[in-house]
Amino acid sequence: MTPLLDIRDLAVRYGRITALDGVGLHVDAGEVVAIVGPNGAGKTTLLSAVAGIVRPVAGSIAFRGEPILGQPLERTVRRGIALVPEGRRVFGGLTVEENLRVGAVIRRDRAAAAAEIARFMEIFPILHERRNEPAGRLSGGEQQMLVIARAMLSDPALLMLDEPSLGLAPKVTDQVYALVADLRARGVTVLVVEQNADRALRAADRTYVLNAGRVRLAGPSAALRDDPAFEAAYFGMGDAA
Ligand SMILES: Nc1ncnc2c1ncn2[C@@H]1O[C@H](COP(=O)(O)OP(=O)(O)OP(=O)(O)O)[C@@H](O)[C@H]1O
Ligand SMILES: [Mg+2]
């Protein structure tokens, strides 16, 4: 079976800094896959390369079997890839509903977009309750749900989440991950980046450990949880210090 996303030998540099080196990774349709790793491991860079925000110097990225490396963000979104960046940027002055309409701009069919927004309000009842409030007044967890809902409005085949639990209390993080499980049950494939390895290992079918720009360990999350090599792979040396 052709993976939904297939990355091989990927290298990204920022000037003289090598952020990714020889990275290989795949995501099958229907999976939740996690990438975990410490500060500066290259996690955001990897998602940015898939989205078309940074340009790799080597390697290949295929989506549904077609090469997408070097394509700009607008093209990757149209192909069905959505990225929820670090830091849950909402348009704080716009209402919750207006934020969602921004997410639907890619849709040509406005009636369908409106119907989708109504459907998302059902999946995210808290967003429905607060639909007329400025998004800036939502809590961190609610804002995270809003940016995920907004990304879902482009109807992606692959949803990429960059550190969705960052700065959230454990209970709120539970809610965000319950949402991820719900989306997966609806057929969405998810690639999630986390510093919170514990959380990622619980949420994902498979996990890759990235450290100093390289994949150090990969496998089914259940196996990695008990793997004595996990800590060394995660915390190990590299040249990041
Ligand atoms: N725009 C940039 N210009 C120069 N160097 C960068 C840039 N973005 C990232 N880097 C460097 O590339 C490496 C990987 O960074 P990246 O942000 O991908 O890591 P990360 O795993 O997402 O880290 P964090 O957990 O802190 O978000 C780091 O050494 C970082 O300093
Ligand atoms: Mg990052």
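What follows is a chat about reading the sheets, a helix and the ligand site in this predicted model.

Biologist: Where do I start with the sheets, and what is the order of the open sheet of four strands?

Modeller: Start with which strand sits beside which, then ask about direction. Here the order is β2-β1-β4-β5, and the pairing is antiparallel.

Biologist: How many bridges join β4 and β5?

Modeller: Two strands count as paired only with at least two bridges between them. β4, residues 58-63, has two bridges to β5, in the antiparallel sense. For one of the residue pairs, look at Phe 63, whose bridge partner in β5 is Glu 66.

Biologist: And the sheet with six strands: what is its order, and what is the pairing?

Modeller: Read it the same way. You get β6-β7-β8-β3-β9-β10, again an open sheet, but with mixed pairing. Its edge strands are β6 (81-84) and β10 (214-220). From one strand to the next, the twist averages 15°.

Biologist: In which sense do β3 and β8 pair?

Modeller: Parallel: β3 (residues 32-36) and β8 (residues 189-194) share five bridges. Find Val 36 and you'll see Glu 194 of β8 standing opposite.

Biologist: Now helices. Which strands does α1 lie across?

Modeller: For a helix on a sheet, check which strands are touched and the angle made with one of them. α1, residues 43-51, lies across β1 (5-14), β2 and β4, at about 115° to β1. α1 also lies across β3, β6, β7 (158-162), β8 and β9 (206-211), and runs at about 150° to β7. Then there's α6 (residues 140-152), which packs on the sheet by touching β6 and β7, with its direction at about 165° to that of β6.

Biologist: On to the ligand. How many residues surround ligand 1, and which are the closest?

Modeller: Count the shell, then go through its polar contacts. There are 14 residues around ligand 1, the closest being Asn 39, Gly 40, Lys 43, Thr 44 and Thr 45. By class, five are nonpolar, six polar and three charged. α1 gives the most, three residues, while β2 and α1 each supply at least two.

Biologist: What lies 3.0 Å, 2.8 Å and 2.5 Å from oxygen atoms of ligand 1?

Modeller: At 3.0 Å you have a backbone N or O atom of Gly 42. A polar side-chain atom of Thr 44 is at 2.8 Å, and a side-chain N or O atom of Thr 45 is at 2.5 Å. As for cover, ligand 1 taken alone exposes 640 Å², and the protein buries 63% of that.

Notes:
Residues are numbered from 1 along each chain as its sequence is written. Chains are lettered from A and ligands numbered from 1 in the order in which they are written. This is a predicted model: local features need pLDDT of at least 70, side-chain atom pairs count only at pLDDT 80 or more; totals for chains, interfaces and linings use all residues. Side-chain values use heavy atoms; hydrogens and water are left out. Contact means heavy atoms within 4.5 Å. Axes are lines fitted to C-alpha atoms, for helices over the stretch in contact, and angles run from 0 to 180 degrees between N-to-C directions. A residue is near a molecule or strand if one of its heavy atoms lies within 4 Å of it. A polar contact is a pair of N or O atoms within 3.5 Å; within protein, one must be able to donate a hydrogen and the other to accept it, and residues adjacent in sequence count only if both atoms are side-chain atoms. Accessible areas come from the Shrake-Rupley method with a 1.4 Å probe; for residues, only the protein chains shown count as cover. Ala, Val, Leu, Ile, Met, Phe, Trp, Tyr, Cys and Pro count as nonpolar, Asp, Glu, Lys and Arg as charged, and the others, Gly among them, as polar.
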